[in-house]
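Reader: Can you walk me through this one? I'm new to reading structures.
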Amino acid sequence: MINKKQSRLRRARATRARILLQKVDRLTVHRTNLHIYASIISADNGRTLVSASTVEPEVRAQLANVSGRGGNVAAAKLVGTRLAEKAKAAGIESCAFDRSGYRYHGRVAALAEAAREAGLKF
């Protein structure tokens, strides 16, 4: 029997295969109940170029007095904006969005929209 995580990873595989053929950097998202993590991974060698998450001290400081902290849409928007700013500083203009098998809804969508608004193209 396939569990929830295995079926999510199975869904993610097709997207990752398609992005691999495009030979572009990918913005990958991982979410847990308490936090959301995003990173841009190089198409050349698979190394992480920039990353942002709700566990970073700067982000935690901004979310300190907010209920829900890292596990909500507001936190996801903050992480998306932060990731786009770091990407711009590193000279990354565009990438492909890898939602890791999660539905494009809620926190995942909020992160993507915030990154787009901050100037990242995908």
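Reader: Which residues have the most contacts inside the largest nonpolar core?
Author: This is a predicted model. Its largest nonpolar core has 22 residues. Those with the most contacts inside it are L27, V29, I40, L83, L111 and L120.
Reader: Which elements supply at least two residues of this core each?
Author: Strands β1, β2 (36–41) and β3 (48–53) do, and so do helices α3 (73–89) and α4 (107–117).
Reader: And why would nonpolar residues gather like that?
Author: In soluble globular proteins, nonpolar side chains tend to be buried together.
Reader: Take I40. What does I40 touch?
Author: Skip residues up to four places away in sequence, and I40 touches a list that includes L27, L83 and L120. Also among the residues it touches are D25, R47, V50 and C95.
Reader: Switching to helices. At what angle do α3 and α4 pack?
Author: About 35°, and their axes are 7 Å apart. The crossing is right-handed.
Reader: Which residues meet there, in α3 and in α4?
Author: From α3, the list includes V73, A76, G80 and A84. On the α4 side, R107, A110, L111, A114 and A115 take part.
Reader: Is G80 buried or exposed?
Author: G80 counts as buried, because its relative accessibility is 0% and the cut-off for buried is under 20%. Leaving out residues up to four places away in sequence, G80 touches L111, A114 and A115.
Reader: How far is G80 from A38?
Author: They are 7.5 Å apart in space, C-alpha to C-alpha. In sequence they are 42 residues apart.
Reader: New topic: α1. What span should its 19 residues have?
Author: Helix α1 covers residues 4–22. At 1.5 Å a residue, it should span 27 Å. The end C-alpha atoms are 28 Å apart, which agrees.
Reader: Which residues of α1 are buried, and what covers them?
Author: S7, R8, A12, T15 and I19 are buried. What covers them includes β1 (26–31) and β4 (96–98).
Reader: What happens at the start of α1, and just after it?
Author: At the start, a side-chain oxygen of N3 reaches to within 3.2 Å of the backbone nitrogen of K5. Just after α1, K23 takes a positive phi of about 55°.
Reader: Last one. Where is S100?
Author: S100 sits in the loop between β4 and α4. S100 is buried, with a relative accessible area of 3%.
Reader: What is S100 in contact with?
Author: Neighbours within four places in sequence aside, S100 is in contact with R8, A12, R16, T28 and V29. The side chains of S100 and T28 are joined by a polar contact of 3.4 Å.

Key:
Residues are numbered from 1 along each chain as its sequence is written. This is a predicted model: local features need pLDDT of at least 70, side-chain atom pairs count only at pLDDT 80 or more; totals for chains, interfaces and linings use all residues. Side-chain values use heavy atoms; hydrogens and water are left out. Helices (H or I, at least four residues) and strands (E, at least two) are DSSP runs, numbered from the N terminus. The expected span of a helix is 1.5 Å times one less than its number of residues. Buried means under 20% relative accessible area, exposed over 50%, partly exposed in between (1.4 Å probe, protein chains only). Contact means heavy atoms within 4.5 Å. A polar contact is a pair of N or O atoms within 3.5 Å; within protein, one must be able to donate a hydrogen and the other to accept it, and residues adjacent in sequence count only if both atoms are side-chain atoms. A nonpolar core is a set of buried Ala, Val, Leu, Ile, Met, Phe, Trp, Tyr and Cys residues joined through side-chain atoms within 4.5 Å. Axes are lines fitted to C-alpha atoms, for helices over the stretch in contact, and angles run from 0 to 180 degrees between N-to-C directions. A crossing is left-handed if the near helix is turned anticlockwise from the far one by less than a right angle, and right-handed if clockwise.
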